[in-house]
Amino acid sequence: MLLQLCQTSCNVLSGGFMESPVRKPLKASRPEAPLAGAVTVPGDKSISHRALMFGALAVGETRITGLLEGEDVLRTAAAMRALGARVERSGADWLVAGSGIGGLTPPEDVLDMGNSGTAARLLCGILASHDIFSVMTGDASLRKRPMQRVIAPLRACGARFTARGGDRLPLAIQGARDALPISYRLPVASAQVKSAILLAGLNARGITEVEEPEATRDHSENMLRHFGAAVTVSRHGDSRHIQLAGQPELRAADIAVPGDPSSAAFPIVAALLVPGSRITLTAIGLNPLRTGLFETLREMGAALTISHPRIQGGEPIGDIIVEFTELSAIDVPPGRAPSMIDEYPILAVACAAARGTSRLRGLAELRVKESDRFSATAAMLGAAGIRVEAEADDLIIHGMPAIPGGGEVATQMDHRLAMSALVLGGITAAPMTIDDSTFIDTSFPNFVGLMRGLGAEITPP
Ligand code: S3P
């Protein structure tokens, strides 16, 4: 017992990547046959978090269809419940009922946001303008991630924050009694920071303003309008200026969550790389601020077509048909990063198999994701025998016609790294293994089952 206690606290205190009690390693090998079939990937993670949060701030009952039931989103569901909203599963849908803006109640215990930066940062925004006290924490990965980027602007509404080391979870929050509207220019392109400020603005009197120098995903703006808030956006070159009128009456509004383009990215790249493959992915979100990877893959020569484009719940969606293609190297400009920020590890896999040398520019933000994805992506490629260099914030990847493989990838509690490495193992001469697959469930439950259904060879080592 004493030993067990010591092990638990040692893990917690170390801040290292030791939190998963039972690691589940996996091995990916070249499949015998091409990948084939039609699949639907789970719901969009960004939209799912927002649907639960906005539903909990609205008056009435919101029905959510296609909610991502991944660990990250389930943390948001639990947090909104702890703050007094009714959040429950009803058949395949989810129902959320709140009592309006300002109607949250103090949580009785610490809010544990698990692995999710989006859940933690957006919730900071909500809590900043509610006169309640709360404490937030997360897993070893989330506790390493910077929170100052939301704390600093949110202080301007009158909220008080005390964070470990000034910048890290655990974090104590005393929300403002009578919140002031914030006016802020984002120093980094971050939809999470933008959304946190807009969410704080919901319970502030007056106009909240955010200026973003580069456009980031606009699901918050779209969904706020869907719930009845007055949000205006004006564009000046690359930058966007967003204004939100405070204290709107948010009215419950049903939401159909599209398939997550960031999850679709994994089977898409797998099909592009495994010779002879052809797969279809149905009802994938195609918001133009999320489709940087698809644009980049097309520039690399990928046979990737969109069929049945349509609008669902205010977001463009469509079916994607992908066929094996011999890809060419690419030079990706830094300005594209916000529209594909989560896709660099899997793009790096595509670049490793492409003809020529690719350069992915301006990746500073990758260093503060679920892991230091900049270094971890380079290490993943290195473990497969691919030559990769880092120059300032750029990654340079030398494509190879035949990748040796045979390495083990340390996934560092990072779901996207784990999935990227498993896709990589589908094309290397010797199989690739990953040390732990448990974190895949944060964003893509049943990833392994879906990939196996398409013909991928993923097994315990
Ligand atoms: C997200 C924004 C992105 C992204 C994350 C989801 C969101 O983070 O990496 O997975 O839902 O707003 P940043 O906005 O911090 O770049």
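Trainee: At what angle do helix 6 and helix 7 pack, and how far apart are their axes?

Mentor: Quick note before that: this is a predicted model, where local features need pLDDT of at least 70 and side-chain atom pairs count only at pLDDT 80 or more, while totals for chains, interfaces and linings use all residues. Residues are numbered from 1 along each chain as its sequence is written, and side-chain values use heavy atoms, with hydrogens and water left out. Now, helix 6 (residues 191-202) and helix 7 (residues 219-226) pack at about 25°, with axes 9 Å apart.

Trainee: What counts as a helix, and as an axis?

Mentor: Helices are DSSP runs of H or I, at least four residues, numbered from the N terminus. Axes are lines fitted to C-alpha atoms over the stretch in contact, and angles run from 0 to 180 degrees between N-to-C directions.

Trainee: Which residues make the contact of helix 6 with helix 7?

Mentor: K194, S195, L198 and L202 come from helix 6, and S220, E221 and L224 from helix 7 (contact means heavy atoms within 4.5 Å). They divide into three nonpolar, two polar and two charged. Ala, Val, Leu, Ile, Met, Phe, Trp, Tyr, Cys and Pro count as nonpolar, Asp, Glu, Lys and Arg as charged, and the others, Gly among them, as polar.

Trainee: Moving on, at what angle do helix 8 and helix 10 cross?

Mentor: Roughly 5°, and the axes of helix 8 (residues 261-273) and helix 10 come within 10 Å. That makes helix 8 roughly parallel to helix 10. A265, F266, V269 and L273 of helix 8 touch I346, V349, A350 and A353 of helix 10. By class, that's eight nonpolar, no polar and no charged residues.

Trainee: And what does helix 10 meet in helix 12?

Mentor: P345, I346 and V349 of helix 10 meet R416, L417, S420, V423 and L424 of helix 12. Those split into six nonpolar, one polar and one charged.

Trainee: OK, ligand time. Which residues are around the ligand?

Mentor: K45, S46, R50, T118, S190, A191, Q192, R217, I341, D342 and K369, each with a heavy atom within 4 Å.

Trainee: How far is a ligand oxygen from the D342 side chain?

Mentor: An oxygen atom of the ligand is 2.6 Å from an N or O atom in the D342 side chain. For the K369 side chain, the distance from a ligand oxygen to an N or O atom is 2.7 Å. With A191, a ligand oxygen is 2.7 Å from a polar backbone atom.

Methods:
Helix = DSSP H or I, 4+ residues; strand = E, 2+ residues; numbered from the N terminus. Polar contact = N/O pair within 3.5 Å; in protein donor to acceptor, adjacent residues only side chain to side chain. Parallel < 35°, antiparallel > 145°, perpendicular 65-115°, else oblique.
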